[in-house]
There are 2 protein chains.
Amino acid sequence: MSGSHPMRKPTQGPKAQTQLRTLERLEAACRTRGRRLTRQRRAVLRALLAEGGALTAYELHERLRVADGRSTPAGVYRALEFWMTAGAVHRLESTRSFILCEHPESPHPGQLLICHECGQVVETEDKGVAAAANRLGERLGFVLDRHPVELTGVCRPCRAQGRAAEPGRRPAT
Amino acid sequence: MSGSHPMRKPTQGPKAQTQLRTLERLEAACRTRGRRLTRQRRAVLRALLAEGGALTAYELHERLRVADGRSTPAGVYRALEFWMTAGAVHRLESTRSFILCEHPESPHPGQLLICHECGQVVETEDKGVAAAANRLGERLGFVLDRHPVELTGVCRPCRAQGRAAEPGRRPAT
DNA sequence: CGCAAAATGATATATTGTATCAATCAGTGT
DNA sequence: ACACTGATTGATACAATATATCATTTTGCG
Ligand SMILES: [Zn+2]
Ligand SMILES: [Zn+2]
Ligand SMILES: [Zn+2]
Ligand SMILES: [Zn+2]
């Protein structure tokens, strides 16, 4: 993930501040509900926050191993599973990576816009997309779940920098 | 894929007929354009057609190996890559599997509705979802590519059969 | 035919994700 | 503080998914 996209800047802007508060809230909520807030789980959450973007399980493992040699892939996956169940982390299927949820306060059918040039991810809660998807589901007899919808494309900065050839699939020419 | 979802019936209805014609058209188109239509590529396409649903690369490899012991995972992945570039096959990121495109005649930003109980996949070209996604992309500076959007949920038959507990994520209770 | 480009076969390896089970830890009641 | 109980971890092995490399074969073409 981060290795293959060296362009992403790990800014610590107001978004990170908001996430930090959210994180503390999440951790607290966790404790008071019988779920256990452990060293490893906390470490995974904080590593994702520090990164400010998506990381693969093994990238997380590498980072955690620096501070605590006992980290294992299995442990990282277990922690990720825990946080996904809690709604605090999303899995990006298209890049096999994981990212902090930006609105963990409330359940939400969201969208994840992913730039396949720089790896940037933006999370939204667009009513239009959600409604259209639900209508489509109804029409076809599907009850959609609330996993965020992944939309891939090219972000503005990447287009400006000339990366991003033709968006979309090449026609079979 | 098929192993984990024994409920899917491999119907050979009118859809399969349509796909067969499409397949022949695709194969012919391929030949006349300098792209080579080879034994292995044809075998992959026909295996997907015979299945009538999604298969993982290794499931394809197993099927191909029966008829031709020389099939390798690498070869299967190469053939899949070829057909995806040609727009004839879609990759389902959420299940790491591959499926024939149901409308390969024309390029399309489509949707793939995936039942996570039975593995059924329905491909659509819903204007509403496409438009909403594009509007969202514009608003955020993203030019979306044309990979189909994956929507997961539970299909009607599966809901009727009592499978499909609560759709969506459990709130962090 | 004889060449060059495309594709394959064979093999090795990288990446991503789970299973198992004994040891440890966190919360609970005494 | 102490022991009890179930959740969690550490350690290890392994399964599943995907790509890299390169010599050989096939294909299209002059
Ligand atoms: Zn979210
Ligand atoms: Zn970008
Ligand atoms: Zn399609
Ligand atoms: Zn179903």
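1. Let us start at the DNA. In this predicted model, a polar side-chain atom of Tyr58(B) lies 2.9 Å from a base nitrogen of DNA strand D. That is a polar contact, meaning a pair of N or O atoms within 3.5 Å; within protein, one atom must be able to donate a hydrogen and the other to accept it, and residues adjacent in sequence count only if both atoms are side-chain atoms. The surface near DNA strand D draws two or more residues from each of helix 2 (39–51) and helix 4 of chain A, and from helix 4 of chain B. Helices (H or I, at least four residues) and strands (E, at least two) are DSSP runs, numbered from the N terminus.

2. A word on reading the names and values. Residues are numbered from 1 along each chain as its sequence is written, while chains are lettered from A and ligands numbered from 1 in the order in which they are written. As the model is predicted, local features need pLDDT of at least 70 and side-chain atom pairs count only at pLDDT 80 or more, whereas totals for chains, interfaces and linings use all residues; side-chain values use heavy atoms, with hydrogens and water left out.

3. Of the atoms of DNA strand D that come within 4 Å of the protein, 52% belong to sugar and phosphate. The side chain of Arg41(A) has an N or O atom 3.0 Å from a phosphate oxygen of DNA strand D, and Arg36(B) places a polar side-chain atom 3.3 Å from a base oxygen.

4. Now look at DNA strand C. It is surrounded by 16 residues, the closest being Tyr77(A), Arg91(A), Thr38(B), Arg39(B) and Arg78(B). For the atoms of DNA strand C within 4 Å of the protein, 54% are sugar or phosphate and the rest belong to bases. Thr38(B) instead reaches a phosphate oxygen, at 2.6 Å.

5. What kinds of residue make up the surface near DNA strand C? There are four nonpolar, two polar and 10 charged residues. Here Ala, Val, Leu, Ile, Met, Phe, Trp, Tyr, Cys and Pro count as nonpolar, Asp, Glu, Lys and Arg as charged, and the others, Gly among them, as polar. The surface near DNA strand D also divides into four nonpolar, two polar and 10 charged.

6. Next, see how the two chains meet. Chain B brings 52 residues to the contact and chain A brings 50, where contact means heavy atoms within 4.5 Å. Together they bury about 4,300 Å², 62% of it on carbon and sulfur atoms; buried area is the accessible area (1.4 Å probe) that two parts lose on being put together, summed over both. The interface holds four salt bridges, each a side-chain nitrogen of Lys or Arg within 4 Å of a carboxyl oxygen of Asp or Glu. One salt bridge joins Asp126(A) and Arg139(B), at 3.1 Å from N to O.

7. Two strands pair if DSSP finds at least two bridges between them. Strand 3 (residues 111–115) of chain A runs antiparallel to strand 4 of chain A, with four bridges; Ile114(A) stands opposite Val121(A).

8. Strand 1 and strand 2 of chain A form one with four residues between them, and Arg96(A) in the turn has a positive phi of about 50°. The loop between these strands also contains Ser94(A). The side chain of Ser94(A) makes a polar contact of 2.8 Å with the side chain of Glu150(A).

Note on methods. Near = heavy atom within 4 Å.
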